Amino acid sequence: MIKTLLDEKLNKKDLLLTGRVLHVCCAAHILNLIVQGGLKVIGDSISKVRDSVLFWIGSASRIERFEEAACLVHYYCNNKLAYDWPTRRNSTYLMLRTTIEYKEVFNKLNLTDTNYQSYPTEEQWSNAEDVSDKLKLFYLITEPFSGTQYLTSSQYFTKYWDDVHILMGVAAIFDPRYKMRLVEFFLPLIYGEEVSTKIQEVRPNCYDFFQDYKSKLSAPYDSLAYSSSEVTSFDQSDRLSSFDRFVTST
């Protein structure tokens, strides 16, 4: 799709290096689109389950009645009923999982409360159970790289490093502390015998980036001179000892 956009839809002149380093891939979003497409097939069943949840979490008194009914059928509400957000397929899975867990409670309330009009049919329950099993797989797949309490970049680099190593190398070179030496130190640890080719890929791209940015500047380059006081000071405790030895030895 990205290749099609570059070749047929986008103006390459507006992109960095005419789109040469454009890389777009959001696995979580792609999986979300797949799931949303699948959920549309049984949309009525999902809606009925959602309506049931909404009814019983709609007020404090209804929540209390639901918990009382759960006790009567020997269920303990360790997991609270949760309404899902249709745009977040993981929340749909969590809603279905807890709702199916309390199916007998919903059944009892359907027999005893005439105000409860959104009880799913057996076919709708069956559909919900089937799709819950399928959504569990997507939930397990996306949970690691959707986390907010830990780093997920390592999982991204495992698959896409070859696509971004040039950009990462350029970013390292822009760091006034390291320049090209950091690239020459770390790439051999990653690529081994292929390292010379990989290093040579980085160097010309630095020049290309510079020329690309320079050509887009409205003001002359000479007017962009900066003060040396703007350069962030180097914290001695931030040094990498292996890299220091590499620089010293060469």
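**Salt bridges, cores and contacts in a predicted model**

The side chains of Lys103 and Glu129 meet in a salt bridge, with N and O 3.8 Å apart; the term salt bridge is used for a side-chain nitrogen of Lys or Arg within 4 Å of a carboxyl oxygen of Asp or Glu. Lys103 belongs to helix H6 and Glu129 to helix H7, so this pair ties together parts that are 26 residues apart in sequence. Helices here are DSSP runs (H or I, at least four residues), numbered from the N terminus. The structure is a predicted model, in which local features need pLDDT of at least 70 and side-chain atom pairs count only at pLDDT 80 or more, while totals for chains, interfaces and linings use all residues. Residues are numbered from 1 along each chain as its sequence is written, and side-chain values use heavy atoms, with hydrogens and water left out.

Glu129 is partly exposed, at 29% relative accessibility; buried means under 20% relative accessible area, exposed means over 50%, and partly exposed lies in between (1.4 Å probe, protein chains only). Glu129 also takes part in a network of salt bridges together with Lys103 and Glu122.

In the whole structure, 5 salt bridges are found. One of them joins Asp113 and Arg65, whose closest N and O atoms are 3.0 Å apart. This pair links distant parts of the chain, since Asp113 sits in the loop between H6 and H7 and Arg65 in helix H4, 48 residues apart. The two partners can be told apart by their accessibility: Asp113 counts as buried at 11%, whereas Arg65 is partly exposed at 32%. A further salt bridge connects Arg181 with Glu184, with 2.5 Å between the closest N and O atoms. Here both residues lie in helix H9, 3 residues apart, which is about one turn of the helix. Arg181 is partly exposed, with a relative accessible area of 29%.

Attention now turns to the nonpolar residues. In soluble globular proteins, nonpolar side chains tend to be buried together. The largest nonpolar core of this model has 26 residues, of which Trp56, Phe66, Leu96 and Phe106 touch the most other members. Such a core is a set of buried Ala, Val, Leu, Ile, Met, Phe, Trp, Tyr and Cys residues joined through side-chain atoms within 4.5 Å. A second, separate core of 16 residues includes Tyr178, Leu182, Leu187 and Val202.

Neighbours within four places in sequence left aside, Trp56 is in contact (heavy atoms within 4.5 Å) with residues including Ile63, Arg65, Phe66, Phe106 and Asp113.

Ser132, in helix H7, is buried at 7% relative accessibility. With neighbours within four places in sequence again set aside, Ser132 is in contact with Tyr93, Leu96, Arg97 and Ile100. Ile100 lies in helix H5 and is partly exposed, with a relative accessible area of 21%. Beyond four places in sequence, Ile100 touches Trp125, Ala128, Glu129 and Ser132. From C-alpha to C-alpha, Ile100 and Ala128 are 7.8 Å apart in space, although 28 residues separate them in sequence.

Definitions and conventions. Helix = DSSP H or I, 4+ residues; strand = E, 2+ residues; numbered from the N terminus.
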